[in-house]
Amino acid sequence: MSNSADSPDPAARRPRLRPMRLLTLAVFGLAGLIFWLSFNTAKGTDLRSDESMLRLSDLIQERNHKNTRLDESTSRLRSQVDRLADRDSGGSKADRARLADLERAAGTAPVRGPGITVTLTDAPPDATALIPGVPDPQPNDLVIHQQDLQAVVNALWRGGARGIRVMDQRLISTSAVRCVGNTLILQGQLYSPPYKVTAVGDVKRLRWALDQSPAISNYKGYVEAYGLGWKVEEHDAVTLPGYSGTVDLRQARPAR
């Protein structure tokens, strides 16, 4: 039996880990961690594929379809409410006439009569100058801008229009004509050119108002120079549907 001084220490018999082996283990451990994090983040999808992410245009189209469905539902519900209100209303004939006048003024009632339709169209993307001495067009010279649409709407109101529709949307006092790029966003809906603006009113007065607008005269200069679209059609009778969206006013409030 040997003494403790002669017996080798069990710990001394364990082989020491070399620095390179430690480094190898650390690399494999880090690789495993990265693999696990990637799998957990992807949840089974391909992180390198663009198809897993909605492009902005796709998102806008999706929201546009959703808004369309909501507007249709709102219109049906509003019609039901109006029918119930007419059935249960205890007001006098004068009250009902007053309500009808308010609906016409607010744009929630249909309006019918003679009118005109103005159509504005982008020029061809490869358009060139059509008039000698005019410089070659820039991209912004070939598309319809917000101020062009707004100029038509403002002129028609000044011409005494009893109602105006842009595309399939009836305008009311809170309607805003806004363009993002070469697309129109109106009351939650997205539209592309050509843009149609229809107004009900005295045709001669409406045409006179269009001819007197300085902004429209400037637009017609681009029509002649670069081929932007401009067309005015007259109607003996046209019906504009009433506005069927929400009429509640909303405003921003400070965060608390």
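User: Leaving aside neighbours within four places in sequence, which residues is R165 in contact with?
Analyst: This is a predicted model. R165 is found in strand 2, residues 163–166. Beyond its sequence neighbours within four places, R165 is in contact with R170, K196, V197, T198, T239, L240 and P241.

User: R165 is buried yet has no salt bridge; how far away is the nearest side chain of opposite charge?
Analyst: A salt bridge needs a side-chain nitrogen of Lys or Arg within 4 Å of a carboxyl oxygen of Asp or Glu. For R165 the nearest side chain of opposite charge is D168. The distance is 7.4 Å.

User: Which backbone oxygen does the side chain of R165 reach?
Analyst: A polar contact is a pair of N or O atoms within 3.5 Å. The R165 side chain comes to 3.3 Å from such an oxygen. That backbone oxygen belongs to M167.

User: Is P194 buried, partly exposed or exposed?
Analyst: P194 sits in the loop between strand 6 (189–191) and strand 7 (195–200). Its relative accessibility is 39%. Buried means under 20% and exposed over 50%, so P194 counts as partly exposed.

User: Not counting residues up to four places away in sequence, which residues does P194 touch?
Analyst: Contact means heavy atoms within 4.5 Å. By that cut-off, P194 touches T119, L120, T121 and M167.

User: What share of the protein's residues count as buried?
Analyst: The protein has 7 helices and 8 strands. It has 256 residues. The share that counts as buried is 26%.

How values were computed
Residues are numbered from 1 along each chain as its sequence is written. This is a predicted model: local features need pLDDT of at least 70, side-chain atom pairs count only at pLDDT 80 or more; totals for chains, interfaces and linings use all residues. Side-chain values use heavy atoms; hydrogens and water are left out. Helices (H or I, at least four residues) and strands (E, at least two) are DSSP runs, numbered from the N terminus. Buried means under 20% relative accessible area, exposed over 50%, partly exposed in between (1.4 Å probe, protein chains only). Lys and Arg count as positive and Asp and Glu as negative; His and the chain ends are not counted. A polar contact is a pair of N or O atoms within 3.5 Å; within protein, one must be able to donate a hydrogen and the other to accept it, and residues adjacent in sequence count only if both atoms are side-chain atoms.
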